[in-house]
Amino acid sequence: MNLAELFLLASIWGASFLFMRIAAPELGPIPLIALRVGIAAIVLAPALRTAALRSQFRAKAWPLFVVGITNSAIPFSLFAYSTLYVHAGLDSILNATTPLWAALIAAAGFQAPMGRQQIAGLLFGMLGVVVLVWPTLDAGGAGVPSAVAAALLAALFYGFAVNYSKRHLAGVKPYVVAFGSQFFAAVVLLPPALFLWPGHAIAPGVWASVAALGIVCTGFAYVLYFRLVEHVGAAYAASVTFLIPIFGVLWGALFLAENITLATVAGCAIILFGIALASGKLKGLPGRKRDVKAM
């Protein structure tokens, strides 16, 4: 059951890039993401159903605001912008570099030690990014380099938010964090979204993508994710990182006729290997300390 939920979560988060690719050209990145986080906040509002939870929300309002900006408002908008120029599948793979950025930021800004295996993982991950994006940069238009940079910057913000949350939101109920981040992201994005709101009519299919993005890919996905964390632990739930690119590429190929190239497969494989290496998922490699068992 837990494995099925993990695959379901990966398929949902992988689909978020598909829906952004469909809706962003019509609505624009910021109005789209304002709708996404606003809808998600409404879905997650029952997180504050008790007085104790509301008190926790008020006590941690500032850290929740920071996480809302760095884990939702900015990176969601950057990815929505990126989908204007590059395939949904490519964006889903670049999103998977988040653990690499998280490890680098932990070492640089949060004084976390970094071993040889983590450094090797980071180098493999960066090599994978080069392999992945080089053909797209070589053949793409004027907006492609900025789109790739936006996606990598979004993953960098995710990496910061991971480390910030660990330090400033430890002990806060996960559903409070989920609601608070979406609520504050919606508050911040509302003014620019109103200013940038498109003047043309929006097609029903685009509104369907917006609803799916806010209700399913954000609101319901957070509930599913924290359910996994509660039942099987954060480490198991975090392994969804390895599955999201698979579904992101698959949905893009099935519904948007995106090509799955050798560079896509090779780059994705190298990035995921780097993530596994940097996060300690690969055991017993040279340079890694082993436990000494009594005989």
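## Disulfides, fold and buried helices

The structure holds 0 disulfides, a disulfide being a pair of cysteine sulfur atoms within 2.5 Å. This is a predicted model: local features need pLDDT of at least 70, side-chain atom pairs count only at pLDDT 80 or more, and totals for chains, interfaces and linings use all residues. Residues are numbered from 1 along each chain as its sequence is written, and side-chain values use heavy atoms, with hydrogens and water left out.

**Cysteines.** The sulfur of Cys217 lies 19 Å from the closest cysteine sulfur, in Cys268, which is too far for a bond. Cys268 is in no disulfide either; its nearest cysteine sulfur is that of Cys217, 19 Å away. Cys217 is buried, at a relative accessible area of 1%. Cys268 counts as buried at 11%. Here buried means under 20% relative accessible area, exposed means over 50%, and partly exposed is in between (1.4 Å probe, protein chains only).

**Overall fold.** The protein chain has 13 helices and 0 strands. Helices (H or I, at least four residues) and strands (E, at least two) are DSSP runs, numbered from the N terminus. The radius of gyration is 19 Å, close to the 19 Å that the globule rule gives for 295 residues, so the protein chain is as compact as a globular protein of that length. That radius is taken over C-alpha atoms, and the globule rule is 2.2 Å times the number of residues to the power 0.38. Along the principal axes, the C-alpha atoms fill a box of roughly 70 × 55 × 40 Å. Buried residues make up 50% of the 295 residues. Of the contacts between residues at least 6 apart in sequence, 88% join residues at least 24 apart. A contact means heavy atoms within 4.5 Å.

**Core.** The largest nonpolar core has 89 residues. Helix H1 (residues 2-27) gives the most to this core, with 13 residues. Leu9, Met20, Leu32, Ile33 and Leu94 have the most contacts inside the core. A nonpolar core is a set of buried Ala, Val, Leu, Ile, Met, Phe, Trp, Tyr and Cys residues joined through side-chain atoms within 4.5 Å. In soluble globular proteins, nonpolar side chains tend to be buried together.

**Helix H2.** This helix covers residues 29-44. At 1.5 Å a residue, its 16 residues should span 22 Å, and the end C-alpha atoms are 22 Å apart, which agrees. The expected span is 1.5 Å times one less than the number of residues. Buried residues of H2 include Leu32, Ile33, Arg36 and Val37. H1, helix H4 (61-82), helix H9 (174-195) and helix H10 (204-232) are among the elements that cover the buried residues of H2.

**Phe76.** Phe76 lies in helix H4 and is buried, with a relative accessible area of 6%. Phe76 and Leu32 are 44 residues apart in sequence but 9.4 Å apart in space, C-alpha to C-alpha. Beyond its neighbours within four places in sequence, Phe76 contacts Met20, Ile33, Arg36, Val37, Asn71, Tyr158, Gln182 and Thr218.

H5 is mostly covered, with 8 of its 8 residues buried. Ser92 sits in this helix, which spans residues 88-95. Its relative accessibility is 0%, so Ser92 counts as buried. Leu94 of H5 is buried too. Thr98 lies in helix H6 (residues 98-109) and is buried at 13%.

| Residue | Contacts |
|---|---|
| Ser92 | Phe17, Ile244, Pro245, Gly248, Val249 |
| Leu94 | Val129, Leu132, Val133, Val148, Ala151, Leu152, Ala155 |
| Thr98 | Ala155, Tyr158, Gly159 |

Two side chains also make polar contacts with backbone oxygens. The side chain of Ser92 reaches the backbone oxygen of Gly89 at 2.6 Å. A polar atom of the Thr98 side chain lies 2.8 Å from the backbone oxygen of Asn95. A polar contact is a pair of N or O atoms within 3.5 Å; within protein, one must be able to donate a hydrogen and the other to accept it, and residues adjacent in sequence count only if both atoms are side-chain atoms.

**Ala257.** Which phi does Ala257 have? Ala257 has a positive phi of about 55 degrees, although it is not a glycine. Most residues other than glycine have a negative phi. Ala257 is in the loop between helix H12 (244-256) and helix H13 (262-278). Ala257 is exposed, with a relative accessible area of 62%.
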